[in-house]
Amino acid sequence: MTNYLSALAALLVAGGASAEPAAKLAAAPAGTHLAGAPHYHQGPGSTLTFTFDQAGAASQGSFKQFTTDLAFDEQNLAGSSLDVKVQISSLDTQDKDRDQTLAGADLFDVQKFPDATFVASSLARNANGKVEAAGKLTLRGVTRDLRIPLVIKPTATGLELTGETSINRLDYGIGQGEWKSTEWVGDTVKLNYKVALIKAAGG
Amino acid sequence: MTLRNTTTAWGSVSKALHWLIVLLIITQWVIASRAESLPLGVAKLEALAWHKSFGITILGLALIRIVWRLMNPTPELASVTKPWERVLARVSHFLLYALLFAIPLTGWMMSSARNFPVSWFKLVQLPDLVAPSQQMYELMHSLHVGLNVALPVIALLHIAGALKHHFIDRNDVLKRMLPFSGAK
């Protein structure tokens, strides 16, 4: 079982690094899916927003393009998994100047690091009984462990996954040169996610 | 010098508000012209943060000033003032007060429209007045800039009037607004 899980994790990581993780997952042999938790992929209406402090005011932006793949079985969290890939160039703070600055080399450096990924090869319950994904977030070429809470509710077509977490932008090198200063742009960035997940056929 | 106004003299509260606002407006022009010349970076964010904080301060002081003016007698215009001078004085005073509100408010709306919310000295975040929109931002930016052309023009008229009272009419209209002049 452990071997199988790490194989699945490797597949997810590989999927995250390729251009189309969803397609890759779908192309996996049907047998692989059936043995594990049911699979879900991201549907329309999903949002991923980030909130940061700019000169004392909470400012908001969002990533318009991202994909989420979830294998989820509430009775088998160890066999569940989460794989998210975010296209950084899709960031939108409703101001073109700021979006361009954020995409630049000193901040997200989109040219060099077009994607961010979050990969958790298993889920678990925390001390309070809430479902969490303990995974690895890769952002601007830096990979760090990150636990994120997941509130998962059934919907007509699959599941809805929501939650929020906070990360420190400087942990990932988002802020080089003058942007290392946290006086006018805070280090803490809050992430809010609300993802509609559709049950994959045969998953 | 008393705190309150009388029918012939401005009290110290009115004078303090008048001159504090003058100083803040000049500071705002200096900060704004500096911010305009900077690329989007930490220095610009800092300049704009001060600009917004001072702007909201002006808005608050303008509000206090209006309330204080309504609660107090307003010193009468000099008895020699001609009817057309009275009209000009009233209109220019009204416009100056209006600009003290309109300029900060258009600036605040500009910030909201650009999704750069306003914080007052990092102490209080103010609500957004309008939803983010490039069109709204451009409209408010034009208004904010345009009103800041009108302000010095009317202020110059105001100063010219005060100087005329002092040097030509030789009355105490100018002197009675000076910071440390005693009330008669």
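Guide: Let's begin with a charged pair. A:Lys85 and A:Asp115 form a salt bridge, with the closest N and O atoms 3.9 Å apart. A salt bridge here is a side-chain nitrogen of Lys or Arg within 4 Å of a carboxyl oxygen of Asp or Glu.

Visitor: Where do A:Lys85 and A:Asp115 sit in the chain?
Guide: A:Lys85 is in strand β5 (residues 81-87) of chain A, and A:Asp115 is in strand β7 (residues 115-120) of chain A. The pair links distant parts of the chain, 30 residues apart. Strands (E, at least two residues) and helices (H or I, at least four) are DSSP runs, numbered from the N terminus.

Visitor: Is A:Lys85 buried or exposed?
Guide: A:Lys85 counts as buried, because its relative accessibility is 8%. A:Asp115, at 32%, counts as partly exposed. Buried means under 20% relative accessible area, exposed over 50%, and partly exposed in between (1.4 Å probe, protein chains only).

Visitor: Before I go on, what kind of model is this?
Guide: This is a predicted model, where local features need pLDDT of at least 70, side-chain atom pairs count only at pLDDT 80 or more, and totals for chains, interfaces and linings use all residues. Residues are numbered from 1 along each chain as its sequence is written, chains are lettered from A and ligands numbered from 1 in the order in which they are written, and side-chain values use heavy atoms, with hydrogens and water left out.

Visitor: How many salt bridges does the whole structure have?
Guide: Eleven, over all chains. One of them joins the side chains of A:Lys64 and A:Asp92, at 3.9 Å from N to O. A:Lys64 lies in the loop between β3 (57-63) and β4 (66-71) of chain A, and A:Asp92 in strand β6 (residues 91-92) of chain A, so the pair ties together parts 28 residues apart in sequence. A:Asp92 is partly exposed, at 23% relative accessibility.

Visitor: What about A:Lys136?
Guide: A:Lys136 forms a salt bridge with A:Asp145, closest N and O atoms 2.5 Å apart. A:Lys136 is partly exposed at 43%. A:Asp145 is exposed at 60%. Elsewhere, salt bridges that share partners join A:Asp95, A:Asp97 and B:Arg114 into one network.

Visitor: New topic, the interface. How many residues of chain B are in contact with chain A?
Guide: 17 residues of chain B contact 18 residues of chain A (heavy atoms within 4.5 Å). About 1700 Å² is buried between the two chains, and carbon and sulfur atoms give 57% of that. Buried area is the accessible area (1.4 Å probe) that two parts lose on being put together, summed over both.

Visitor: And salt bridges across the interface of chain B and chain A, how many?
Guide: Two. A:Asp97 and B:Arg114 meet in a salt bridge at 3.0 Å, N to O. Helix α2 (residues 42-71) of chain B gives the largest share of the side of chain B that touches chain A, six residues. By class, that side has ten nonpolar, four polar and three charged residues. Ala, Val, Leu, Ile, Met, Phe, Trp, Tyr, Cys and Pro count as nonpolar, Asp, Glu, Lys and Arg as charged, and the others, Gly among them, as polar.

Visitor: What ipTM does the predictor give the complex?
Guide: The ipTM is 0.85, and the pTM is 0.85. Chain B has a mean pLDDT of 94, with 97% of its residues at 70 or more. pLDDT is the predictor's confidence in each residue, from 0 to 100.
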